[in-house]
Amino acid sequence: DAFITRVSQAKALNAFLVETPDHALAAAKEADTARAAGEALKPLAGVPIGMKDLFCTRGVQTTAASHMLEGFIPQYESTVSGKLWEAGAGMLGKLNLDQFAMGSSNETSYFGDVVSPWRRADGGNAPLAPGGSSGGSSAAIAARLCPGATGTDTGGSIRQPAAFTGISGIKPTYGRCSRWGVVAFASSLDQAGPMARDVRDCAILLENMAGFDAKDATSLQLDVPRWEHGLDASLAGKRIGIPREYRVDNMPSEIEALWQQGIDWVKDAGAEIVEVSLPHTKYALPAYYIIAPAEASSNLARYDGVRYGLRDLPEGANLQEMYAATRADGFGDEVKRRIFIGTYVLSAGFYDAYYTQAQKVRTLIAQDFERAWESCDLLLTPTAPSAAFALGEKQADPLAMYLNDVFTVPASLAGLPAMSVPGGLDKAGLPLGLQIIGKPLDEQGVLNAGLAIE
Ligand code: GLN
């Protein structure tokens, strides 16, 4: 009841697109009944969570924050959300996001910006971005509207919003969480993961989201480790790598100080610090912004006004005109920009110069990490090159917006588990995040380092 009330009173944040109090209450009642009957409680019995509106939820509108899917009510449940309900959790509502998960500030949503609950302490009262694309999730958790939420991360969309709002979030190894029923952005990168107030809550949620699913061809056929059980804040015997190339030009001194603080914390926890080199880091962002739009342009071809979602059929229009009208109206500017970039880099004349080249770079980046693992177990970096910026500040400049992903995209391209945990506040009193990147399948190592830092 407390969470349902808070959600209903926090409209100014615009974090929830749909509220589903009955769903949350049903889970709470089921937990009460089980408790009264002396039955064993499910792992998430009665826990009310928020669901990023990229996950299809049976009978509940799922929009990907796009006009294209406004009013779309799935007849099926995504595997990840279904697992959470099976574990006893209930849904408080569907959370706002960047349209089709494209963005870093939650400003590309058709349903309006999400406003971070944080404000600068130094007078500037401008509303701040909650990060993106999982900005509804981050704002809702930071404002204590829900104890946890789902996110998805294609190039940083769990980690960067977590960093901007002082919460934790983990993107597991690619293939840990099923993509089935998650609206597709860039299928070779998309991963679901939890966002929560702390590392333990992330571990608990992830255990109940992950697992093999035959309905996702890239799902990993592996058991789900008991990550919560394995939590251990001692890093004795661990070597933590500090990648030289992440010291980018013009790195704000506060971000450098944050990084140094993180290094001191993991040293205190017993880790040995080693400097490592990831020489192709500077090509990660350009490779990502070729590969992700290329896949997006292919994935989004399904929104043609025929099968489901919006259909604009002007009087007397033929099929081509119906496609054009529907897409012109249904997709937002950023989504159109990605489709243009994607179709361009995949076109016959430019395919080799851009798409093939980006795929080769992706392999080099993955090999950089493989070499780094010869001398370290985990990597520690800042999550983002800045604290939260003001809403509107970067909106007119897509390149400035894309640059905010500089530290998160390399792990995405390599499919590695990576987490953001709060690392303290900057001079304006805004949260900063530290990122831990792990070897494939070493979510436990990542979570443990997060625990040592938080
Ligand atoms: N900001 C990145 C983008 O716009 C990442 C988004 C994501 O991870 N979904 O593509």
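Guide: Helices here are DSSP runs of H or I, at least four residues long, numbered from the N terminus. By that count, Leu346 belongs to helix H10, which spans residues 333-346. The model is a predicted one.

Start with the surroundings of Leu346. Its C-beta atom has 17 C-beta neighbours inside 10 Å, so Leu346 counts as partly exposed. The cut-offs make this clear: 20 or more would be buried, 12 or fewer exposed. Setting aside neighbours within four places in sequence, Leu346 contacts Ala294, Ser297, Tyr351 and Tyr355. Ser298 is 48 residues away in sequence, yet its C-alpha lies 9.5 Å from that of Leu346.

Two further helices come in here. H8 covers residues 284-299 and H11 covers residues 351-372. Their axes come within 9 Å and cross at roughly 125°. That angle makes H8 oblique to H11. The crossing is left-handed.

Now the residues at the crossing. H8 supplies Ala284, Ala287, Ile290, Ile291 and Ala294. H11 answers with Tyr354, Tyr355, Ala358, Val361, Arg362 and Ile365. By class, the contact of H8 with H11 has 10 nonpolar residues, no polar ones and 1 charged.

Terms used. Residues numbered from 1 in each chain as written. Predicted model: local features only at pLDDT ≥ 70, side-chain atom pairs only at ≥ 80, totals over all residues. Axes fitted to C-alpha atoms, helices over the stretch in contact; angles between N-to-C directions. Helix = DSSP H or I, 4+ residues; strand = E, 2+ residues; numbered from the N terminus. Parallel < 35°, antiparallel > 145°, perpendicular 65-115°, else oblique. Left-handed = near helix turned anticlockwise from the far one by under 90°. Contact = placed C-beta atoms within 7 Å. Nonpolar A, V, L, I, M, F, W, Y, C, P; charged D, E, K, R; others polar.
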